[in-house]
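Please read these notes with the model open beside you.

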Protein chains: 2
Amino acid sequence: MTDANTALLETLASRLPAGTLLGPDDAGARHRADWTRVNACAPAAVARPRTTEEVAAILRACHEVGQPVVVQGGLTGLAGGATPRAGELALSLERLAGVESIDADAGTLQVRAGTPLAVAQAAAEAQGLQLALDLGSRGSCTIGGNIATNAGGNRVIRYGMMRELVLGLEAVLADGTVLSALNPMLKNNAGYDLKQLFIGTEGTLGVVTRAVLRLHAAPRERLTAFVAAPSFAALVALLRAARSEFGGELGSFEAMWANYYELAIAALKANPRPFDGRHPFYVLLEIEALEPVAATARLETFLARLLEAGTAADALVARSLEESARLWRVRESAGEIMMTLGIPMAYDVSLPMARMTAFLERLDAEVPAVLGDQPLYVFGHLGDGNLHLVTGLRSLGQVAALDQIVYGGLAGFGSVSAEHGIGQLKRHWLSASRSPAELATMRLLKSALDPRGILNPGRVL
Amino acid sequence: MTDANTALLETLASRLPAGTLLGPDDAGARHRADWTRVNACAPAAVARPRTTEEVAAILRACHEVGQPVVVQGGLTGLAGGATPRAGELALSLERLAGVESIDADAGTLQVRAGTPLAVAQAAAEAQGLQLALDLGSRGSCTIGGNIATNAGGNRVIRYGMMRELVLGLEAVLADGTVLSALNPMLKNNAGYDLKQLFIGTEGTLGVVTRAVLRLHAAPRERLTAFVAAPSFAALVALLRAARSEFGGELGSFEAMWANYYELAIAALKANPRPFDGRHPFYVLLEIEALEPVAATARLETFLARLLEAGTAADALVARSLEESARLWRVRESAGEIMMTLGIPMAYDVSLPMARMTAFLERLDAEVPAVLGDQPLYVFGHLGDGNLHLVTGLRSLGQVAALDQIVYGGLAGFGSVSAEHGIGQLKRHWLSASRSPAELATMRLLKSALDPRGILNPGRVL
């Protein structure tokens, strides 16, 4: 720790309420890494502001002396964005939390950045509405992190990503300027839509402190179906048929390749298995029903038609909330299972459906040279063209070769990040998805908004 | 015209194919103003590039000498954004037009900026899909203008604004740099989402040349209902009931106040009138039906329930496409009617539903002092909190006083532009909707991306 650091911490301690600043020894392990645990590193200190003004005071002081800051939400990221680098001050939003207000008529929710997603969801549900963003880490991830990473999840096919749910927000710029744009309106074309600067930019252009989110009507019921598909072509046909049949009622379409499915079934000790037979592909399909009885009948007819056509090899509709939750567990246990595989490694790629088969065949051919017997498990949000590839590494030395196969195989047509972001871990691969002119424009924005480069340096760019 | 201008035009003429550049005498009246006709002014010249490279060559040359450029699409704007100011070169995208490709499986359409919206819509329809953006000027407005203004229209309640339909785009920066970000994927979090810089920024940060748009499944049928409401409270209750009953099937909810409705009925010489009686409010409601027969029955039951409860004073369901088109004409003739009223004046404000009654009562009290007997006609996209107020002025001298009443009455809680943008005409009112910190950040972006201020100067900021 340099003298300048020590002086800064003293300045901060004098300007902030007692207990806001934790030294590296008091902060504990929590602030050292995100879910990947890769390159864990204790921050120089942890600042835990309770108000926007405190966030502004912290950034102003850091900006003055050029102190780098890492912004932390629920630390559930998978790209190393919130993992500190040596000497960084961790700015944790954990105490800037809570739902501020909810307007059921307008369908809006105002919330602080450190609020866990599940808490915001529950506030909406209490009013008969829904906050449509949903992902497995809902209990830990925070609204601020969801915004900073433009989170995706299970209902993108119906409601879009986090970007589409943010009506307004408040952010603090690198120099401590508070930019309050807490717009509650669905439509507002008065000048540039500045909130876009802070959505999906992973805390590199500003720190989101509060937001106004759009709520949707809660569906009367969610119907869950589980379907086995005999081939990838059948899986694609199933998606097309489901879109055409259910339109805006199709809430989720989550695909699992057999290797992931069998891994999850074994990990969950699922007994009985959802289906007796073994199949190459499985889909978890959710319908948001306006008229549950009619929709159930329609879903059953739909599945019967697919079975008869051979598009589906087997199918079932959950008969209870409990059965639905059990099926969802197969898909959502990915996060926990990953942790048991070794050094967890999760790819989050996006590519045109027409390219998926060739891409995965190439992986099948090339990955064993790096991973040996350890498979690359595949699942994802097929309706969004988003696949997750998950494995456990024996050593970090395997990363470069595996990255080369996965990201190298996408260059020119795919994205190295569909929903997890770039963070520290995919930074060197950003140029596989973006052109030199795009990268130059990103740098232009970064230097305009954070000229001293104190916000999440070494992330994204 | 200065010597520098003349030299620039000679340079451009030498670098561009013959016929690309039109002098002020050859250009005709078309390029002198947008639909408002306010402050019409002949441009110094009109450049009509056919390719992105030609756009880049034009901007590079203008950037070098600091020549201001006004970007023109279909010239259907209502904020003076495309109306030239003295000495500006008009960059018209009219010849950079046409659908480049369509991928029905992926649901994407790649299109050039100068393509009329209706042409892009038709290309989607030919594949059994829909481009969900829809507005009255569909035959003239262009995709580039729709993107630059983040167009709204009749289906925002279901599909969002243009921003939500743009997957990727190509833009030319002020200095001629081509930024190609023609992403076709639904999800792509690889670095900053640069397309946001060009959506809704009204051509002030770059010129959109091509785009990849998201298509949706075409509904099997659109059901149109026309409902009369006895009070504003009933209108709001009707919206809430429709949202709850139809969820994602509710495609449009267009409200008309009696004064607008009677004006349109008279202008269209509608005979018979849709309803015998006279009512204070009317709603045009569209349902995108997955199962037309069941949905029709459900719509009729829904309307019967509202009539019984007194929420609706009268109601009908269109029995044919022709009847549906007739009802839509009442709402969509606003643009044409406006032109007959004097100097057309259209406000496009956004405000919380809970404030609408008080806002409109204030207008009723204060507007006659400016307009005399001439009413301010009211209609709009109620489901989005977006009202249009339209009138015909006797003189431009009335503008300032009327602006003061309308925009002044919104300060602190509403937006001076829901969907039309700021252009030249609302520039001085932007501060009623945006804070000093927001305006400073907008200026920061403008100077980072267009340091010489050549792109649409005097618009927005």
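**Notes on the model**

1. Glu202(A) counts as buried, at 10% relative accessibility. Buried here means under 20% relative accessible area, exposed means over 50%, and partly exposed lies in between (1.4 Å probe, protein chains only). Glu202(A) sits in the loop between β9 (178-181) and β10 (207-214) of chain A. Helices (H or I, at least four residues) and strands (E, at least two) are DSSP runs, numbered from the N terminus. The phi of Glu202(A) is near 55°, a positive value in a residue other than glycine.

2. Basis of the values. This is a predicted model: local features need pLDDT of at least 70, side-chain atom pairs count only at pLDDT 80 or more, and totals for chains, interfaces and linings use all residues. Residues are numbered from 1 along each chain as its sequence is written, chains are lettered from A and ligands numbered from 1 in the order in which they are written, and side-chain values use heavy atoms, with hydrogens and water left out.

3. Asn456(A) also deserves a look. Its phi is positive, about 45°, although Asn456(A) is not a glycine. Asn456(A) lies in the segment after α16 (436-449) of chain A. At 4% relative accessibility, Asn456(A) counts as buried.

4. Where is Ser417(A) placed? It is in the loop between α14 (399-408) and α15 (430-433) of chain A. Ser417(A) is buried, with a relative accessible area of 0%. Its side chain reaches two backbone nitrogens: that of Gly421(A) at 2.7 Å and that of His420(A) at 3.4 Å. A polar contact is a pair of N or O atoms within 3.5 Å; within protein, one must be able to donate a hydrogen and the other to accept it, and residues adjacent in sequence count only if both atoms are side-chain atoms.

5. Ser417(A) has contacts in both chains. Contact means heavy atoms within 4.5 Å. Leaving aside neighbours within four places in sequence, Ser417(A) touches Asp348(A), Ile422(A) and Lys426(A), and also Asn188(B), Asn189(B) and Ala190(B).

6. Strand β14 (residues 281-289) of chain A is largely enclosed by the rest of the structure, because 9 of its 9 residues are buried. In a regular strand the side chains alternate between the two faces of the sheet. From β14(A), Phe281(A), Val283(A), Leu285(A), Ile287(A) and Ala289(A) point one way. Tyr282(A), Leu284(A), Glu286(A) and Glu288(A) point the other way, and all are buried.

7. Leu285(A) stands opposite Ala225(A) and is the bridge partner of Phe253(A).

8. The structure holds 24 aromatic pairs over all chains. Rings of Phe, Tyr and Trp (its six-membered ring) pair if their centres lie within 6.5 Å; planes under 30 degrees apart count as stacked, over 60 as edge-to-face and the rest as tilted. The rings of Phe246(B) and Phe302(B) have centres 5.1 Å apart and planes at 80°, so this pair is edge-to-face. Phe246(B) lies in helix α7 (residues 232-246) of chain B and Phe302(B) in helix α9 (residues 292-309) of chain B, so the pair ties together parts that are 56 residues apart in sequence. Both Phe246(B) and Phe302(B) are buried.

9. Trp257(B) and Phe281(B) are edge-to-face too, because their ring centres are 5.2 Å apart and their planes at 80°. Trp257(B) lies in strand β13 (residues 250-257) of chain B and Phe281(B) in strand β14 (residues 281-289) of chain B, so the pair ties together parts that are 24 residues apart in sequence. Trp257(B) is buried at 11% relative accessible area, and Phe281(B) at 10%. In chain A, Phe226(A), Tyr261(A), Phe275(A) and Tyr282(A) form one aromatic cluster.

Technical notes
Pairing = 2+ DSSP bridges.
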